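Subject: Structure for your review

Dear colleague,

I am handing over the structure we spoke of, and below it you will find notes on what turned up in it. Please read them with the coordinates open beside you.

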Amino acid sequence: MGTVPSALKHCLSYQHLLKEQLWIGEPAAPSPALHPGQEFQISGLPDYVKIVEVGPRDGLQNEKVTVPTDIKVELINRLSKAGLSVIEATSFVSSKWVPQMADHTEVMRRIERHPGVQYPVLTPNLQGFHSAIAAGATEVSVFGAASESFNKMNINCSIEESIEKFEEVTKLARNMNIPVRGYVSCALGCPYEGNIIPAKVVEVSKQLYSMGCYEISLGDTIGVGTPGSMKRMLEAVMKEIPVSALAVLFHDTYGQALANILTAIQMGVGVVDSAVAGLGGCPYAKGATGNVATEDVLYMLNGLGINTGVNLYKVMETGNFICTALNKKTNSKVAQASFNV
Amino acid sequence: MVAAKRALPWLAASLRPISSTAAGSLPKQVKIVEVGPRDGLQNEKNIVPTQVKIRLINMLSETGLPVIEATSFVSPKWVPQMADHTEVLQGIQKFPGVSYPVLTPNLKGFQAAVAAGAKEVSIFGAASELFTKKNINCSIEESLQRFSEVMHAAGEASIPVRGYVSCVLGCPYEGKIAPAKVAEVSKKMYSMGCYEISLGDTIGVGTPGSMKEMLSAVMKEVPVRALAVHCHDTYGQALANTLVALQMGVSVVDSSVAGLGGCPYAQGASGNVATEDLLYMLHGLGIHTGVDPQKLMEAGVFICKALNRRTSSKVVQASSRL
């Protein structure tokens with residue numbers, strides 16, 4: 001930039017600026033400026049991307065402060081009103097392991113269930129599944145990993161043993177017509193093993209998909225992936241699982257998340273996981289960020305003319321709410337640029 | 001910095017070459033233009049002593065960066081942070097093969113720069129009339145006339161000139177900017193003799209969609225090998241926008257060590273994209289840059305300490321223990 005202007009206060013207010021450019025507010029129609037016939041990759045993008053909001057579970061679980069039940073319920077209700085169609089609500093795991101999610105039953109029972117919105121919950125085993133159903137859950141998730149060491153450190157068993165546990169859950173879920181979403185952690189790197197070969201990711205994804213998971217979310221758990229490694233992994237997985245059943249969960253620990261998401265959607269992926277305000281740090285890199293912020297993802301998708309059904313402004317307000325409650329600064333750049341610090 | 005070594009396995013492992021595929025063939029190498037010492041420091045709240053600036057630039061020279069924007073020959077009345085321009089340019093070590101361009105907004109600045117030993121200069125245009133008016137109190141046409149004086153003198157002295165176009169994806173005063181306007185200004189600056197045109201998303205509002213639209217228009221008038229992108233990360237879009245530019249054939253990218261330089265239009269928001277984060281992405285894509293990430297991180301750590309601020313680079317945040 002050249003010299004700094006003196007008349008800053010005559011700048012357009014951020015609301016005017018963003019609204020005018022359709023970067024926020026109601027989802028935009030596909031940009032008329034995209035001329036047909038142009039060879040560039042952007043024209044191959046999906047018309048619609050589903051956002052899976054993981055803030056209330058993955059986000060809050062990885063925050064230092066444990067949040068009171070009231071706040072959790074309010075957060076989820078606000079997210080429902082923002083137009084999100086999937087909001088990961090809580091986790092039915094032993095409170096000994098994850099104290100932040102100890103109030104899972106209460107949260108599940110107290111949230112407003114908006115029509116057309118799914119509220120999946122984590123169920124690592126049969127016991128968790130039973131509790132979840134008793135509390136009113138109508139969709140569950142199981143978390144696998146592409147790394148043996150990660151599995152051992154996390155849930156003290158091998159990949160194979162964990163798959164067996166998940167099979168018990170998916171079998172019962174199928175009988176009860178409860179959809180199950182599968183997650184594969186460490187899809188692009190493991191904090192213990194380092195590099196993860198795509199073939200391993202394919203193997204675990206395939207197992208989860210064959211046992212009945214309707215969607216597989218591929219997670220870059222420590223955020224080390226780049227568009228290059230991400231592409232190689234996705235190409236391998238797409239040979240075995242239809243792209244319509246794939247989602248991506250990129251962490252922004254190394255600032256690569258949006259570039260990775262862009263590449264994934266260029267390859268046909270139509271589901272993206274993210275967390276409001278980028279909640280949830282990285283347990284493997286102290287002080288580093290974790291989940292990519294939903295606001296920043298929305299900003300990019302809106303700018304690309306991709307429909308999401310989500311109101312960016314309402315998500316920003318929700319982010320503001322939860323950050324105030326957590327007494328922390330937002331990890332969303334869009335929010336940082338928009339609200340006066 | 002012991003903890004930073006933990007990051008290295010990732011950086012090394014990500015250096016696998018990638019074959020060109022459906023996601024677009026990317027350039028095999030990218031030239032990074034480091035704007036930290038000028039654009040970065042100019043937009044930091046704290047003023048940095050001359051010796052610190054010199055040390056920073058020397059450290060950056062050691063990383064392998066091919067171009068380092070050193071300072072700005074503009075009146076200290078306007079930009080006090082760059083008042084020591086002559087001392088900086090004369091004090092730095094000039095590494096062979098590295099360019100140290102300086103900003104020269106007018107003939108006077110150009111003459112002072114050459115007298116101080118400058119071998120390359122830059123001029124700053126904009127795609128927005130209002131922005132130009134607020135910034136340098138004239139119209140785009142008038143600013144181009146001023147530049148032509150610099151271009152003429154530079155031509156006589158065989159000094160290459162790099163042209164910047166600000167507000168290519170949005171203006172803090174005008175809002176939306178038409179791609180045709182960006183193409184028009186870029187074309188004029190290129191025809192005047194600028195060897196390269198750096199297209200700047202000055203307020204970081206662009207997204208891959210608007211980037212593509214703008215670049216398509218500009219590429220009709222200026223060959224892609226003469227184009228660079230200068231994306232701000234104010235809305236977190238910089239790397240995604242840069243990736244799209246690379247997919248379209250751009251192979252020169254501007255960035256700032258540690259993401260120095262906030263945004264004067266959005267208080268508390270970030271500005272330039274961090275060179276460390278850009279490098280991480282490029283190396284992960286198997287693209288050659290010639291830059292040593294470890295040495296770069298060290299330069300970033302140094303300047304952040306001197307400025308008493310936290311780095312804006314996510315790679316560095318993830319690598320150091322806090």
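In chain B, helices α6(B) and α7(B) are oblique to each other, because their axes cross at roughly 60 degrees and angles from 65 to 115 would be needed to count as roughly perpendicular. Please bear in mind that this is a predicted model. The two helices, residues 129-136 and residues 140-156 of chain B, have axes that come within 9 Å. On the α6(B) side the contact is made by B:E129, B:T132 and B:I136, and on the α7(B) side by B:I140, B:S143 and B:R146; by type, these residues divide into 2 nonpolar, 2 polar and 2 charged.

As for open space, the largest pocket has a volume of about 1,400 Å³. Its lining comprises 43 residues, with A:K329, A:Q336, B:R310, B:T311 and B:Q317 lying nearest the centre, and at least two lining residues come from each of α13 (333-338) of chain A and α13 (314-319) of chain B. The lining divides into 10 nonpolar, 22 polar and 11 charged residues.

The second largest pocket holds about 1,100 Å³ of space and is lined by 43 residues, those nearest its centre being A:Q61, A:V98, A:L122, A:N154 and A:I155. Several elements of chain A each supply at least two residues of this lining, among them helices α2 (55-61) and α7 (159-175) and strands β5 (140-145) and β6 (180-185). Here the lining residues divide into 19 nonpolar, 21 polar and 3 charged.

With best regards

Methods. Residues are numbered from 1 along each chain as its sequence is written. Chains are lettered from A and ligands numbered from 1 in the order in which they are written. This is a predicted model: local features need pLDDT of at least 70, side-chain atom pairs count only at pLDDT 80 or more; totals for chains, interfaces and linings use all residues. Side-chain values use heavy atoms; hydrogens and water are left out. Axes are lines fitted to C-alpha atoms, for helices over the stretch in contact, and angles run from 0 to 180 degrees between N-to-C directions. Helices (H or I, at least four residues) and strands (E, at least two) are DSSP runs, numbered from the N terminus. Angles under 35 degrees count as roughly parallel, over 145 as roughly antiparallel, 65 to 115 as roughly perpendicular and the rest as oblique. Contact means heavy atoms within 4.5 Å. Ala, Val, Leu, Ile, Met, Phe, Trp, Tyr, Cys and Pro count as nonpolar, Asp, Glu, Lys and Arg as charged, and the others, Gly among them, as polar. On a 1 Å grid over the protein atoms alone, a cavity is a set of points where a 1.4 Å probe fits but cannot get out, and a pocket is an open set with protein on both sides within 12 Å along at least five of seven lines; lining residues have an atom within 4 Å of a point. Grid points are joined across faces, edges and corners, and a volume is the space filled by probe spheres set on the points.
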